[in-house]
Amino acid sequence: MIRIRRAICEQLPQLKNVCHALEVPVKKQLLQNGRQPTLEWILPSAVAQQERELLDVVSRHQFDETYVEKVRIVPSAGRSSAKIEFQLQPQAFVEQLLQAKENTLQPSPSSAEHIVVEYSSPNIAKPFHVGHLRSTIIGNVLANLHQHLGYRTTRLNYLGDWGTQFGLLALGVQLTKVSDAEMQAAPIETLYKSYVAANKEAEENPKIAQRARELFAALEAGTDETMAAQWQQYRKYTIDDLSKVYNRLGVRFDSYEWESQYSQQQIQDVLDKLRSAGLLQPELDGREIVVVDGRRIPVIKSDGSTLYLARDIAALLERLSRFQFSRLLYVVDNGQADHFNALFKTAVAVEDRLNLDQLQHVKFGRIHGMSTRQGKAIFLKDVLDEARDIMREKRNFSATTKENHSLNDEHVCDILGVSAVLVNVLKQRRQRDHEFSWQQALQVNGDTGIKLQYTHCRLHSLLDNFREVNLDDIKPDWQHFAQEPADALDLLYELARFDQSIWQSKEQLEACVLVNYLFGLCNATSRALKRLPVKQESCLKKQSQRLLLFHAAKKTLQKGMKLLGLRPLDQM
């Protein structure tokens, strides 16, 4: 469909930027148009003043008849906006949707824009907590969407490895007398237990807390080589442990970056800039602050050490120089809204090359109730393992599960469990708090990740039975589909909506737009599989055209699932 969209938009300069704004009308509208394939552009309020001139230009233009059969102009009336309907050549429409060969046309010429996405960003030496799940998977989907649409995309994971917490961690290792063997066997679990032990001691004994601050001060000053070597080793353990979880989630990064890159020594230039711009103001207690929207926000503590905001300003300005980004997205929870407001406004005030439109805090709400069935305190690995184990139980007790020795059951159950957890989170509007439910997440019939995997497996099984048929040799035929039960055209039009769902998902920075599209695609596919049998069909023409339709459905579903970070299964 991209080729048709481009062909329409390249005809007139007034339509140059509306490629992704062209939409397949809703089913009711298509029925009114006699089920004629249509793309419509509903004029946004931004062009309302030029409406008459624009509609006149479009109505007088002769569009390329290869793709456009007729143009219908609908002026605004009352609250209804004006729209332009491009009624498409049906045969060209069906060929663009169903041709078996992959369309090599790039989705969008956006490569000049560089989008940097920072997401996940857990802390060093701690197991991956469920609190980081939403940032990780929403950020991954947003990066995938931008990359799919042709943007140059950089994925950053900015890990917390600095501050007094590291002093507590190092002290905990000393206090609990951790052996090298213990550390090598289970590094993250061991480090976390050490941190918890030191934290508890520090609450009861002020000297412990002071010792932790001294240890960190030595690290920050670069005067303790043993501590520095330990710290590097703990960072390596963290990456190794996180990578296992990220692989299960289908998440990847271009760069792992560290808060420590922007410690006191590295950010002196930024602090000098803030002072010379008059943004950094001294307080009576020795702290230095910035004023943002009337709020006095500390940047430097009274002992001269930097706070989180100072390091984030330094990181942002360094990224601007290094990446020369068009936009920088921070995927972080709702609770950090004030921090990012201060960060963005301070950075823009000190750097002429930067403006607020380039910076966005992609907020999200919390997940409640995400624990194992035993109610254990919650690390993501435990949740994913639990999901895998529940899927194994369901498969073992299911009457329809066939024994298949070629299938790696553990691998399949893990993918199904991860799919269930991911989709249950991604289908929610991101700013809403979300109550996690095992029962809802693991249903086959509801709108779940299991449903997406099941539909993909059904399509794969069908097409695999006809693998000797060369689909490249079959030409899609509109007349055939026009005479089929209505479910055939319904599925065709659902496939045609894929491009717009990706664009809308990217524009709104909402993964749920794509997730809900894929649920609709599965529903349309399921109805079509019932009404349009292939194995039992004796007419070869009908059989081959239906195979093309279901091949396109599988290809589209697979693309969408991969954008969500899912690994589509062929068998389950």
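Biologist: Which residues do ring pairs link into a cluster here?

Modeller: A pair of aromatic rings is described by the distance of the centres and the angle of the planes. Rings of Phe, Tyr and Trp (its six-membered ring) pair when their centres lie within 6.5 Å; planes under 30 degrees apart are stacked, over 60 edge-to-face, and the rest tilted. In this structure, such pairs join Tyr119, Phe128, Tyr246, Phe253 and Tyr256 into a cluster. Before we go on: this is a predicted model, where local features need pLDDT of at least 70 and side-chain atom pairs count only at pLDDT 80 or more, while totals for chains, interfaces and linings use all residues. Residues are numbered from 1 along each chain as its sequence is written, and side-chain values use heavy atoms, with hydrogens and water left out.

Biologist: How many aromatic pairs does a search of the whole structure find?

Modeller: It finds 16. One of them is Phe93 with Tyr493, a tilted pair at 5.6 Å centre to centre and 35° between the planes. Helices (H or I, at least four residues) and strands (E, at least two) are DSSP runs, numbered from the N terminus. Phe93 sits in helix 4 and Tyr493 in helix 19, so this pair ties together parts 400 residues apart in sequence.

Biologist: Are Phe93 and Tyr493 buried or exposed?

Modeller: Buried means under 20% relative accessible area, exposed over 50%, and partly exposed in between (1.4 Å probe, protein chains only). Phe93 is buried at 2%, and Tyr493 is buried too, at 3%. Now look at Tyr158 and Tyr262: their ring centres are 6.3 Å apart with planes at 55°, so that pair is tilted. Tyr158 belongs to strand 5, while Tyr262 is in the loop between strand 6 and helix 11.

Biologist: Which charged end sits over the ring of Tyr158?

Modeller: We say a charge sits over a ring if NZ of Lys or CZ of Arg is within 6 Å of the ring centre and within 35 degrees of the ring normal. For Tyr158, it's Arg319, 5.0 Å from the ring centre. Arg235 does likewise over the face of Trp258, at 4.2 Å.

Biologist: And how many salt bridges are found?

Modeller: A salt bridge is a side-chain nitrogen of Lys or Arg within 4 Å of a carboxyl oxygen of Asp or Glu. The whole structure has 40. Take Arg546 and Glu484, which meet at 2.8 Å, N to O. That pair links distant parts of the chain: Arg546 is in helix 22, Glu484 in the loop between helix 18 and helix 19, 62 residues apart. Arg546 is buried at 3%, and Glu484 is buried at 10%. Bridges with shared partners also join Arg248, Lys381, Asp385, Arg388, Asp389, Arg392, Glu410 and Asp414 into one network.

Biologist: What about a salt bridge inside one helix, such as Arg275 with Asp272?

Modeller: Those side chains meet at 3.5 Å, N to O. They are three residues apart in helix 11, so about one helical turn separates them. Arg275 is partly exposed at 34%, as is Asp272 at 37%.

Biologist: Last one: how many disulfides are there?

Modeller: A disulfide is a pair of cysteine sulfur atoms within 2.5 Å. The search finds zero. For Cys457, the closest cysteine sulfur is in Cys522, 11 Å away, which is too far for a bond. Cys457 is buried, at 9% relative accessibility.
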